[in-house]
Amino acid sequence: MKDQSASGILATAIEKIKDMVDCQTIIGDAIDAGDGIKVIPISKVTYGFASGGSDFPTKTSKELFGGGGGAGVTISPVAFLVINNGEVSVKYISEGAENSAERIIGMVPDVVNKVSDVVTKLKNDKNASEEAAE
């Protein structure tokens, strides 16, 4: 049994939450949808803790402690990471739910693809001009 104090109660609550929520709660396991498509669920996890207690005076040498604690967890699905034949995209569950950080993360695969396309085009143009010069 944990220490009978406010910090002991809070430590127990945190330990129980750790048992329930891990990184696979936020980034879920990949789901094979067939045809080279994999879907990975992304969730938002919020949690809160509270504890309190007090020592009660007694006429004997025995110490009395009364206290309590609690924790709450909310898990909300926000998006799916879709991998389709090597191309990655983010599909949000609700368009209004995107904040700026989520929008930036969602744009990364598109930006990488566009930069790759530009680099490939520049290389092809350079090779074509070198071949024409010969």
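**View 1. How much of the protein chain is tucked away.** Of its 134 residues, 14% count as buried, meaning under 20% relative accessible area, with exposed set at over 50% and partly exposed in between (1.4 Å probe, protein chains only). This is a predicted model, where local features need pLDDT of at least 70, side-chain atom pairs count only at pLDDT 80 or more, and totals for chains, interfaces and linings use all residues. Residues are numbered from 1 along each chain as its sequence is written, and side-chain values use heavy atoms, with hydrogens and water left out. The accessible surface of the protein chain is about 10100 Å², and carbon and sulfur atoms own 57% of that; the areas come from the Shrake-Rupley method with a 1.4 Å probe, and for residues only the protein chains shown count as cover.

**View 2. The run of elements.** Start at the N terminus and you pass α-α-β-β-β-β-α, which gives three helices and four strands. Helices (H or I, at least four residues) and strands (E, at least two) are DSSP runs, numbered from the N terminus. Among contacts with a separation of 6 or more, 47% are between residues 24 or more positions apart; contact here means heavy atoms within 4.5 Å.

View 3. Strand β1 covers residues 31-34 and strand β2 residues 37-56, and the two pair antiparallel over three bridges. Pairing takes at least two DSSP bridges between two strands. Look for D32, whose bridge partner in β2 is K38. Two residues sit between the strands of this hairpin, and D35 in the turn has a positive phi of about 55 degrees.

**View 4. β2 alongside β3.** Here 20 bridges join β2 to strand β3 (residues 64-84), again in the antiparallel sense. One of the pairs to pick out is K44 with its bridge partner S76 in β3.

View 5. S43 lies in strand β2 and is buried, because its relative accessible area is 15%. Beyond its neighbours within four places in sequence, S43 is in contact with T25, I26, I75, S76, P77 and V78. T46 also belongs to strand β2, but T46 counts as partly exposed because its relative accessible area is 38%. Leaving out residues up to four places away in sequence, T46 touches G72, V73 and T74.
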